[in-house]
Each structure stands twice: as C-alpha cells, then as structure tokens.
Amino acid sequence: MIDSFFLHQPESLPAALTLLAEHPEETRVLAGGSELILLLKMGLAAAEHIVNIKRISGLARLDYEPNSKILRIGPLITHRALEKSEVVCNHFPLIVEMEKQLANVRVRNVGTLAGNLSFAEPHADPGTLLLAYEASVRLRSLEGERTLAIRDFFVDYYETALKRNELLTEIEIPKPAEKSTGAYLRFCPGERPMVGAAMFLEWKNGACENARLALGCVAPTPIRISEVEEWMAGKSREEILADANGIAEKAARICQPLEDVGGSVEYKRQIVKTLVARNISSLAQRTDNNG
C-alpha cells in the first residue's frame, strides 16, 4: 500500500525544476519507477510529491557525437533502449553486454540508467562499468547546471551528490582510445551482482600505456584500484600476463567488501581475484578495440 501523494506531470524542464525547488525534501522524481515504486510499496521511502518527467521533451536523448566521441544519454533512456541501440552497440559494446545481463527484461523495459545511478544501489552493474569509462553526469536546478565525474557522483550506500532540488539531465560517456581493450565481468548468483569488475587497457607498441580497473559491490560505492592501474601502466603484455594472479590478488586485498548473506569477506575477495585475473588474461591477449 502506497501512502497518498501529489502527482505532478510537468511538460517542460523549467517547470519540473520549479517543483523540485518548491518541495525539495518531500519530492521524488519518477522516470522509470522500477526502484521508486518498489520502495514506496515497501514503506522504505516516502514522498508527498512525485514529479513525473516522462512528458518532458528532450529527456529521451540518446546521441553519439563522432567529433567529441561522447555518448549522451538522457534521463528517460531505459536499459532496454541501450541494450537494443545500434549506435551503442557499434561504439560501446560493453554497455550493451552489461545491459543484457542486468536484472530481467521486465526491469530493463521500464528502468532507466539515470534512475539506476541516482538510486546508488551498491549491488548494481552500471556504476562500476561507467566508472571504468570515466563517465560524467550533468545535474540541473533553477540555480544552474554542474557536471560531476561519476566517481564524485557516488557518495555512500544509496547516496549520491545529487541535491534534492536537482535533476540528473544527462550522462556523458567518452569512447575509450582506439587501441584499447575492455571487459566487464560479474558474479551474480541472484538478480543483483555480488561482485563486478570492469577493466580497460590501452596499448602502445605492445605495452600498456594506460589502465583502468573499477570494482563494484565491494564498497559503499564503485571504486577504482589506482595501485593496480599504476603498476600495469608501462608494462608489456608478457609482464602483465605473467603476473595476472599477483595483480588480481593485490586488487582483492585493497577492496573492503562487507560480510553479508552473500558471503564472507574472504569469499568475496576470492571472487574479485578470479574476475580480475580473467579480465587481465582476456585483455592482454587481444588487440582489437572492445570499448
């Protein structure tokens, strides 16, 4: 049973932002609603006002800009739309692979990527992969607009830097360098992942010029493992392959997963080690772009 609330259906972005400014603490934004409606039904969230943004034109944007090589995703774009997009498949195939594994088709048909990020569920796939992509988000309010790197957007369990009077209006994802290889692996015994590992390796003359490693579900927010990234930079394929298990062990020891019904700390660290080692083994042997 959901408590009564006022439903607002603005048809312009300024109108929506005005509503958020008028009732910042009592207002929730409705885009897909896959998370919000569930929380309201369970009594884990409350709202006196709900702002439905589905009627606002321009928020269902999904564009790839060839010059800047940036994918721009509006807050009404669903997981299913990303999964089925030819543009995303051509330029960001890892996003398509991730989306195909996310939850189930019913959720993907309704839920939005922006909603998923804003909810900040620690056991989720998108944030981990977008952290490895070094994505950013644009946030709008009546006071103006600001852009945050995705690593600064996530703050804690179920908490982001999004203010109550702000709306996430766009997600920007830069395409990795042409000589990059990328992979995303997850361990998911249920509907939500227990561990996720995303990695990009950029190659030049047979050596790793730049490395990115992001882990999800093993901390309050997705995290980058900078110590591992710095070690791999400048190393040859042969060196990286030879020490794949050692690199993976280091990543597993750096992360701080919580013990819960999914498993113990050491069990989750073993999963991290396995996923990272598999990513390294796969990427160090490929030269094609898998961004």
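Predicted model: local features only at pLDDT ≥ 70, side-chain atom pairs only at ≥ 80, totals over all residues.

User: Let's start with rings. What makes Tyr-64 and Phe-92 an aromatic pair, and why is it called edge-to-face?

Analyst: The ring centres are 5.9 Å apart, and the cut-off for a pair is 6.5 Å, so they qualify. The planes make 75 degrees; because anything over 60 counts as edge-to-face, that's the label. A search of the whole structure gives five aromatic pairs.

User: What makes that pair a link between distant parts of the chain?

Analyst: Tyr-64 is in strand β4, while Phe-92 is in the loop between α4 and α5, 28 residues apart. Tyr-64 and Phe-92 also belong to one aromatic cluster with Tyr-133 and Phe-200.

User: Why do Tyr-64 and Phe-92 count as buried?

Analyst: Buried means under 20% relative accessible area. Tyr-64 comes in at 15% and Phe-92 at 0%, so both get the label.

User: How do you know that the charged end of Lys-235 sits over the ring of Trp-231?

Analyst: Two tests apply: the charge has to be within 6 Å of the ring centre and within 35 degrees of the ring normal. For Lys-235 the distance to the centre of the Trp-231 ring is 4.4 Å, and the charged end is listed as sitting over the ring. Arg-237 does likewise with Trp-203, at 4.1 Å from the ring centre.

User: On to salt bridges. Why is the contact between Arg-61 and Glu-170 called one?

Analyst: The N to O distance is 2.9 Å and the cut-off is 4 Å, so it passes. Arg-61 lies in the loop between β3 and β4 and Glu-170 in β10, so the bridge ties together parts that are 109 residues apart in sequence. In total, the structure holds 26 salt bridges.

User: Are those two side chains buried or exposed, or something in between?

Analyst: One of each kind, in a sense: Glu-170 has 8% relative accessible area and is buried, whereas Arg-61, at 29%, counts as partly exposed.

User: What about Asp-260 and Lys-268?

Analyst: Their side chains meet at 2.9 Å, N to O, in a salt bridge. Asp-260 is partly exposed at 36%, and Lys-268 is buried at 1%.

User: How far apart along helix α13 are Arg-269 and Glu-266?

Analyst: They're three residues apart in α13, which means about one helical turn separates them. Arg-269 is buried at 12%, while Glu-266 is partly exposed at 40%. Elsewhere, salt bridges with shared partners join one network made up of Arg-61, Asp-63, Glu-65, Arg-72, Arg-138, Glu-145, Glu-170 and Glu-172.

User: Why is helix α8 described as largely enclosed?

Analyst: Eight of its eight residues are buried, so the rest of the structure largely encloses it. Among them are Pro-126, Leu-130 and Tyr-133.

User: Which strands stand at the edges, and what makes them edges?

Analyst: The open sheet has five strands in the order β4-β5-β10-β6-β7, with antiparallel pairing. β4 and β7 each have a single partner strand, so one side of each is left without a neighbour in the sheet. On average, neighbouring strands of this sheet are turned by 20 degrees against each other, direction ignored.

User: And which helix packs on the sheet?

Analyst: That's α1, which touches β6 and β10; its direction makes about 120 degrees with that of β10.

Notes
Residues numbered from 1 in each chain as written. Heavy atoms only, no water. Phe/Tyr/Trp six-rings, centres within 6.5 Å; stacked < 30°, edge-to-face > 60°. Helix = DSSP H or I, 4+ residues; strand = E, 2+ residues; numbered from the N terminus. Buried < 20%, exposed > 50% of the residue type's maximum accessible area, 1.4 Å probe, protein only. Pairing = 2+ DSSP bridges. Axes fitted to C-alpha atoms, helices over the stretch in contact; angles between N-to-C directions. Contact = heavy atoms within 4.5 Å.
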